[in-house]
Amino acid sequence: MVEGIIIKGIGGFYYVKTEDGLIESRARGVFREENLKPLVGDRVKIKLSPEDNSGYIIDIMPRQRELLRPAVANITQAVIVMSVRNPNINTWLLDKFLLMSDFHGLNILICLNKFDLDENKTKEISKTYKNAGYDVIMTSIEANLGIEDLESRLKDNISVFAGPSGAGKSTLLNLINPNFKLETGKVSSKTKRGRHTTRHVELLELGDNSYVLDSPGFSSLNLDFLEDEIQVRDYFREIKKYGDRCNFLSCLHDQEPSCAIKEYVKEGIINKDRYKNYLKLLEEVRNIKRY
Ligand code: ZN
């Protein structure tokens, strides 16, 4: 019996990375009865067939975490890649990614890429988000800055990369590991279309115990997992941090009187754009249609 991690699943086969290499495996039929489906990212025990060295998954280790879109287990970290210029930074998107990653309990790293295109603006954004309580690094492929820093942050993690197209996710990953050969924004739209229809979820190996999830899924932002405004409030880190100074514990920092958060925004301790996005998200959650 050997242990390993499922790095991809195609047509009923699971590809399990073990000490002895990659082993094509099937799953026990009983999992289906238990309504348990092995997921990419699952750590499993497999029994090897002496005839053809194929595997048979007999046990799935308890999951630390499970994402639904994409369906994957045990992701530990979200790396949110944003460029400040070309394309210009979209903090609304960034704040939604942060909320989603915190909601899923992921370690979060904000990677501000294309640092060379506007150093001042990049530093300003970095400061804003560090003050809000997030971990930020600045990278530039052109100037070869911060790449090793990013690489070291990926160690011992299963990371999912998120961010708008053109921010440089795939280019950064190809630079860290040229074997990945990920499709970047530079290729023709024709090949791109063909690829998207056939793409599956896959873990790319960076080194011992370090993987990157190759999947377009995490970038599709749908906030319907949020149940109420309280969750928005609790997943905006600086608002959560200062919120207990309001007059009412139930304060949503919106229309309430004597709200400490509004004072902090006025004083510049809380960034006003972050606060605007917070209010916009409250509004969005109130408007989610529930069935
Ligand atoms: Zn308040």
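Bear in mind that the model is predicted. I'll start with the overall layout.

Next, strand S9, residues 107-113. How much of S9 is buried? The count is 6 of the 7 residues, so the strand is largely enclosed by the rest of the structure.

S9 has a parallel pairing with strand S8, residues 77-83, made through 7 bridges. If you want a place to look, Val79 is opposite Leu109 in S9. S9 is also paired with strand S10, residues 135-138; these two run parallel as well, joined by 4 bridges. Here the pair to look at is Ile110, which faces Val136 in S10.

From S8 the path goes through helix H2, residues 91-103, to S9, and the three form a right-handed β-α-β unit. From S9 it goes through helix H3, residues 119-132, to S10, and that β-α-β unit is right-handed too.

A few words on H2. Its 13 residues should span 18 Å at 1.5 Å a residue, and the end C-alpha atoms are 18 Å apart, so the two values agree. H2 is mostly covered, with 11 of its 13 residues buried. The buried stretch includes Trp92, Leu93, Leu94, Phe97, Leu98, Leu99 and Met100. As a reminder, an α-helix has 3.6 residues a turn, so residues three or four places apart point the same way.

Last, the zinc ion. Which residues supply its protein donors? They are Cys246, Cys251 and Cys259, each through SG, and His253 through ND1, at 2.1 to 2.3 Å from the ion. Along the sequence the donor residues follow the spacing C-x4-C-x1-H-x5-C.

Why do we call the site tetrahedral? The 4 donor atoms subtend angles of 98 to 118° around the zinc ion, and the cut-off asks for all angles to lie between 85 and 135 degrees.

Note on methods:
Residues are numbered from 1 along each chain as its sequence is written. This is a predicted model: local features need pLDDT of at least 70, side-chain atom pairs count only at pLDDT 80 or more; totals for chains, interfaces and linings use all residues. Side-chain values use heavy atoms; hydrogens and water are left out. Donors are N, O and S atoms within 2.8 Å of the metal (3.2 Å for Na, K and Ca); water is not among the atoms, so sites may look incomplete. Four donors count as tetrahedral if all angles lie between 85 and 135 degrees; four count as square planar and six as octahedral if opposite donors are over 155 degrees apart and all others between 65 and 115; anything else is irregular. Buried means under 20% relative accessible area, exposed over 50%, partly exposed in between (1.4 Å probe, protein chains only). Two strands pair if DSSP finds at least two bridges between them. A crossover is right-handed if, with the strands pointing away from the viewer, the path from the first strand over the helix to the second runs clockwise. The expected span of a helix is 1.5 Å times one less than its number of residues.
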